[in-house]
Amino acid sequence: MAASGVTEDEYVLIGRDLVKEFAGRSGLFSRRGSHVRAVDGVTLGLKKGRTLGLVGESGSGKSTVGRLLLRLLDSTDGEILLHGEEITKDRHGDLRRARREMQMVFQDPYSSLNPTMRVGELVGEPIAYHRKLRGQALDDEVARILVAVGLSGEHARRFPDELSGGQRQRVAIARALGPSPDVLVCDEAVSALDISIQSQILNLLLRLQEELGLTILFVSHDLSVVRHVSHDIAVMYLGQIVEQGPAERVVDEPAHPYTAALLSAVPEAKPADQRSREKILLRGDPPSPSEPPQGCPFASRCPVAFEPCDKIRPEHTAVEGGGTVACHLQTAGPVLAGRPVPIELLSRAHK
Ligand code: SF4
């Protein structure tokens, strides 16, 4: 998938050259009328029945991308295509039809579920709205979906505060499944849960994907989780995608220094593997999105930044094994030409 060459046939949902700017806060030290560019020219596509993991640090813009794709936020620029039809400017009935096909599971099941509604009402509400089911047909459908997410019809009578965190997230997933969507956006959907519950919810998502053919965008800061559930991975930094491709290639042979640094911090199951791996600690914080750098967004923290990096923004180039990367190392300096970035190069420069 070239950065700007996503073709319509392969993908259920496409975001092309997406930009989102928010008005900056005006105050004593900030300029009046300044803008924060949270998403800066993002192009990505969700393939039918597959999971795209969108990973990056807090503030990288990944959650904003999820909301733009679902039209929960209006983009400043760019276009969104659902099943090949542009929905970027859809309003009213058209937007409601598009939203039926795309649902979201939020991070925090404590705040995303209305505490005054019973589970049956919470799950039934979007079914009644989008599919117009009523009475016994609605009750039957609610019970069916509760069972599909590992709960029972008995849970329909309970309130959210009578459920555990894992059960609440199952209710949130049931609520998202109610309209029979093609696309599910899971925004940090397991981040608030205990590790043991996390794996249950991840397994549930994998099973539902297999049974229903769901297309999933899995947004998370946690690469160790993303790599277990994703077919493809896109890595975001400061509002831009810096690398994307098949999950196995991105994890085993990262081509961008930022991806390599993120991976070096992921805990390994076997302690011996952990000891043998060099850890790249990134220094400093990302620059402010209200004053984005002119060149590579990662230049101020990259251990191997060189002459063109802080002046010229790198273009995406193809990577051996699939996907693309935006880094000058691929075309200048050591000229990696699509090969993975050597971890020794990073750790040497880091010392
Ligand atoms: Fe580092 Fe330069 Fe590559 Fe950016 S373009 S990641 S600064 S080497």
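Predicted model: local features only at pLDDT ≥ 70, side-chain atom pairs only at ≥ 80, totals over all residues.
The largest cavity is lined by 14 residues, and those nearest its centre are Cys-296, Cys-302, Cys-309, Cys-327 and His-328. By cavity I mean a set of points, on a 1 Å grid over the protein atoms alone, where a 1.4 Å probe fits but cannot get out, whereas a pocket is an open set with protein on both sides within 12 Å along at least five of seven lines, and a lining residue has an atom within 4 Å of a point. The volume of this largest cavity is about 90 Å³, where a volume is the space filled by probe spheres set on the points, with grid points joined across faces, edges and corners. Its lining holds twelve nonpolar, two polar and no charged residues; here Ala, Val, Leu, Ile, Met, Phe, Trp, Tyr, Cys and Pro count as nonpolar, Asp, Glu, Lys and Arg as charged, and the others, Gly among them, as polar.

Residues are numbered from 1 along each chain as its sequence is written, and side-chain values use heavy atoms, with hydrogens and water left out.

Helices (H or I, at least four residues) and strands (E, at least two) are DSSP runs, numbered from the N terminus.

Let me turn to the domains, whose bounds come from an automatic or database domain assignment. The chain is divided into domain 1, residues 3–101 + 181–350, and domain 2, residues 110–180, and their centres, taken over C-alpha atoms, are separated by 31 Å. In terms of contact, meaning heavy atoms within 4.5 Å, 17 residues of domain 1 meet 16 residues of domain 2.

Where does the largest pocket lie? It lies between domain 1 and domain 2, because both give residues to its lining. This pocket has a volume of about 410 Å³, and of its 19 lining residues the closest to the centre are Gln-103, Met-104, Phe-106, Arg-175 and Ala-176. Helix H2 (92–100), strand E6 (102–105), helix H4 (119–131) and helix H6 (165–177) each supply at least two residues of that lining, which divides into twelve nonpolar, three polar and four charged residues.

Strand E6 also belongs to an open sheet of eight strands, in the order E6-E7-E8-E3-E9-E10-E12-E11 and with mixed pairing, where two strands pair if DSSP finds at least two bridges between them. E6 and strand E11 (316–318) stand at the edges with a single partner strand each, so one side of each is left without a neighbour in the sheet. E11 pairs with strand E12 (residues 324–326) in the antiparallel sense over three bridges, and Thr-317 stands opposite Val-325 in E12.
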